Amino acid sequence: IAVMEECLRLAEQANYLVPQILTRADLGATYISLGDRQQGFEQMHLALKLAETRLPVFRPYVIGLLARQHLLYDQLGEAEALIEQAKTDASPQHSSFLFQWVHFAEAELALQQGNLERVLAAVERAKEPPGP
């Protein structure tokens with residue numbers, strides 16, 4: 001956590017957006033995994049806001065990771081809304097690493113809903129090689 005926070009401090013100082021989004025989202029997920037939901041969701045929502053306003057190509061990464069955190073707390077409606085939001089965005093990122101968290105979140109949601117066909121389909125999409 002200390003290294004991630006230092007990374008964020010330096011990224012903000014340098015106005016380097018990539019870690020301000022990706023590292024912040026990962027830091028939020030780390031906080032949530034350790035039980036600090038408030039700090040975790042705050043960090044993730046800040047990462048999402050930065051992605052939406054400054055670097056939209058990274059939105060799917062944050063959205064998918066955020067959806068997975070909602071699934072940890074059985075907030076299926078919130079997770080599903082985020083997944084659908086990411087999937088409806090017209091973007092070539094659907095097969096990039098930036099979209100992998102969305103595929104994983106969709107598979108986890110489908111598993112919690114008992115929809116095994118949808119689980120397998122999401123996992124297959126996650127395995128597809130990145131497009132051009």
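1. Trp101 comes out partly exposed, at a relative accessible area of 23% (buried is under 20%, exposed over 50%, partly exposed in between; 1.4 Å probe, protein chains only). This is a predicted model, where local features need pLDDT of at least 70, side-chain atom pairs count only at pLDDT 80 or more, and totals for chains, interfaces and linings use all residues. Residues are numbered from 1 along each chain as its sequence is written, and side-chain values use heavy atoms, with hydrogens and water left out.

2. Trp101 and Phe104 sit in helix H6, three residues apart, about one turn of the helix (helices are DSSP runs of H or I, at least four residues, numbered from the N terminus). Their ring centres are 6.0 Å apart with planes at 70°, so the pair is edge-to-face (rings of Phe, Tyr and Trp, the last by its six-membered ring, pair with centres within 6.5 Å; planes under 30 degrees apart are stacked, over 60 edge-to-face, the rest tilted). Phe104 is partly exposed at 37% relative accessibility.

3. Tyr61, Trp101 and Phe104 make up one aromatic cluster. Tyr61 itself is buried, at 9% relative accessibility.

4. Over to Tyr73, in the loop between helix H4 (59–72) and helix H5 (76–88). Tyr73 is partly exposed at 28%. Leaving aside neighbours within four places in sequence, Tyr73 contacts Ile32, Gly35 and Arg37 (contact means heavy atoms within 4.5 Å).

5. Last, the helix pair: H1 (residues 2–14) and H2 (residues 17–33) pack at about 155°, axes 10 Å apart (axes are lines fitted to C-alpha atoms, for helices over the stretch in contact; angles run from 0 to 180 degrees between N-to-C directions).

How values were computed. Helices (H or I, at least four residues) and strands (E, at least two) are DSSP runs, numbered from the N terminus.
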